[in-house]
Amino acid sequence: MSSAVYIAGVGVISAIGNDVAEHLVSFEQEKAGMDAITLFDTIHRGELPVAAVKLTTRELAEMTGLSPEISRTTQLSLVAAKEAIADAAIPDPSKWRTGLISANTVGGMDKSEDFFVDFLADNNKGKLRFIWDHECGSITETVADQLGVSDVVTTISTACSSSANSIFYAARLIKNDVLDIAIAGGADALTKFTLNGFNTLMILDKEFCKPFDEHRAGLNLGEGAGYVVLVSEKVAKTLTKVPYCKLSGYANSNDAYHQTASSPEGTGSYLAMTRALEKSGLRPLDIDYINLHGTGTPNNDSAEGTAITRVFDGKFPPMSSTKSYTGHTLGASGGIEAVFSVLAIKHGIIYPNLRFETQMEDLPLKPVTKFLKGQKVRNVMSNSFGFGGNCTSLIFSTS
Amino acid sequence: MHCVSALHGEPRNRRGGTLQRRRLFGGRRDVSRLYDRWFHFTAFVLKGPYYISANCTISDGIISEDGAVLFKSATPINDFLLTAYQHFQFNYPKFYKMDNLSKLGWLTADLLLQNTFNKDGYKSEDVGIVIANANSSLDDDLKYYDTVADVASPSLFVYTLPNIVMGEISIRHRFKGEQAFFVQEAFNADFLYRQVSYLLDNDLVQACICGWVDVLRQDYRSVLFLVEKTKKGNAVLFSAESMDTIFNGGFE
């Protein structure tokens, strides 16, 4: 049994940077990652902005050493996971039981879409090597092989809370003495499949998204990957550098209200936040920053806002949605935002909620609008709420 | 066969030796490999016996429960489902929003559970659902696809997955146990028997709703079984044979 779980390393890639250092620069310069679609051909080009990683799949493949025919999801996953492991710099890692708990929602869909162009025209055509890693688990397997991790390798796919749940599950594996080290988080690449799906649901903003704003009109799709390296107390003692923080609280709940919407009262998110607080032994006023789920859709932000209003009862900590920078990276968002939460503690920074103008009418919430340095950030709550009502809150705390 | 939502006990997907796993981290034991072995082992050591406490069939304009006909109406499917809903005086406004697969499964489950099932006897987590069909959500997929040329319909889109029917049943009855949905060419009682027995044997659930819910345009057939660990009233032994007999219209 390990009573505490420490964060020893972080790695991230998104539309605003290819590693942690680039992200910190983009945050400070308040530079959003949204742009016109260039990754694939679509009738939505020029109409819907997306937050794509600023590297082609071929360029990513040069970084990872994988074939460019391997899914972009895998490439992104490997880049961020490798950065997290290098950052953790665990002495003698082969001594320990190590797992990779990785999330994604699109799997190798980007390559499957290429396959189907030829296959639908003639079902004797289409390159099978484009669909061999179509399914979500295949992405994790390839990354685990590349990392040489084999003790526990598993994939979690619970829509937009996927990678928050990976971190949650990884912490439990360490606490229950199944693993000593876990690389946990997730990845997702932009695909036509998700773009068209979200467009069908009529929740994509044609402008850059405005989370928590009265005049928000939907989300921008993003892509990327984010991983943290979680370690047990035993491993933490062997580290040559001080761990960033602890994962002190986590909880998952489901309001089972609708396939793709939260209940108006935000019951699921309320339960996730209050139970994560309970688990961490913290009071609401101990939270120094909330990294919101804040997708920018009318439904999410009002449900999440309502739940926060109930949990924090008038004493609101600074809060912001970093999706105003990265877009909504779906299965990667929980991992990416976990990295941002850890960095907020480490550097004493709070990220602005870009493009916020007008407070939501019925809610007393006003996110942070300027990049803040020199803050005392001890406890950060990170929210990730997914389709199907799957709601997860994580709490990171100074160790 | 395609498994839409995995059963408990599938910790990893193995592709089978195409890549040699380098062991930079070189752990001492492969936990998931042991888990796999355990899973395959226990799958063949069946305990039981378990019992089918109730069954409900909706097919060819007829609704029957435990062999007794409850309702008949030889109308096209949309009308049939609505008339049945009204006939039993259900009051569940969300029913109107559902696709036909969910309506069919929802009605079958409600009638299956209305008399026999003691909901208070189980925790939410202790009731599982295992359903199979041949046409996945194709009925709704086609309707959705017809709207794409004009304005793609969000309300049809959210039903373009077969396992949504299990979600609708779960929301209605507050079930939170293990679930799986399988797409198979035909009703496979033996397969279903193994899946459900596994859940019950390992105490992953204490009761399970299982069976077949299939719709494509005007063709529909739904047969659900309530499987419990204790014998109640006219319950029959839970077995592949008894499910086959009921599925084929026996015990009438």
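These legends walk through several close-up views of a predicted model. Residues are numbered from 1 along each chain as its sequence is written, while chains are lettered from A and ligands numbered from 1 in the order in which they are written. Because the model is predicted, local features need pLDDT of at least 70 and side-chain atom pairs count only at pLDDT 80 or more, while totals for chains, interfaces and linings use all residues.

**View 1. Here are the two domains of chain A, domain 1 (5-238) and domain 2 (247-397).** Their bounds come from an automatic or database domain assignment. Taken over C-alpha atoms, the domain centres are 20 Å apart. Domain 1 of chain A puts 63 residues into the contact, and domain 2 of chain A puts in 56. (Two residues are in contact if their C-beta atoms, placed from the backbone, lie within 7 Å.) On the domain 1 side, α6(A) gives the most, with eight residues. By class, that side of domain 1 of chain A has 33 nonpolar, 21 polar and nine charged residues. Here Ala, Val, Leu, Ile, Met, Phe, Trp, Tyr, Cys and Pro count as nonpolar, Asp, Glu, Lys and Arg as charged, and the others, Gly among them, as polar.

**View 2. Now we look at helix α6 (residues 162-175) of chain A packing with helix α12 (residues 333-347) of chain A.** Helices (H or I, at least four residues) and strands (E, at least two) are DSSP runs, numbered from the N terminus. The axes of these two helices sit 5 Å apart, at an angle of about 65°. That makes α6(A) roughly perpendicular to α12(A). (Axes are lines fitted to C-alpha atoms, for helices over the stretch in contact, and angles run from 0 to 180 degrees between N-to-C directions; under 35 degrees counts as roughly parallel, over 145 as roughly antiparallel, 65 to 115 as roughly perpendicular and the rest as oblique.) Among the residues that meet are Ser162(A) and Ile167(A) in α6(A), and Gly335(A) and Ala338(A) in α12(A).

**View 3. This one shows the largest nonpolar core, with 181 residues.** Such a core is a set of buried Ala, Val, Leu, Ile, Met, Phe, Trp, Tyr and Cys residues joined through C-beta atoms within 7 Å. The residues with the most contacts inside this core include Ile7(A), Val342(A) and Val227(B). Both domain 1 (5-238) and domain 2 (247-397) of chain A give residues to the core, so it lies between them. Val227(B) touches Tyr50(B), Ile52(B) and Phe238(B), among others, not counting residues up to four places away in sequence.

**View 4. Over in chain B, helix α6 (residues 164-173) is mostly covered, with seven of its 10 residues buried.** A residue is buried if 20 or more other C-beta atoms lie within 10 Å of its own, exposed if 12 or fewer, and partly exposed in between, with C-beta atoms placed from the backbone. Glu168(B) is one of the buried residues of α6(B). The cover includes α3 (100-113) and β5 (127-133) of chain B. Just after α6(B), Arg174(B) takes a positive phi of about 60°.

View 5. Asp313(A) has a positive phi, near 45°, without being a glycine. Asp313(A) is exposed, because 10 other C-beta atoms lie within 10 Å. Arg217(B), in the loop between β7 and β8 (219-228) of chain B, also isn't a glycine and has a positive phi of about 55°. With 13 C-beta neighbours inside 10 Å, Arg217(B) counts as partly exposed.
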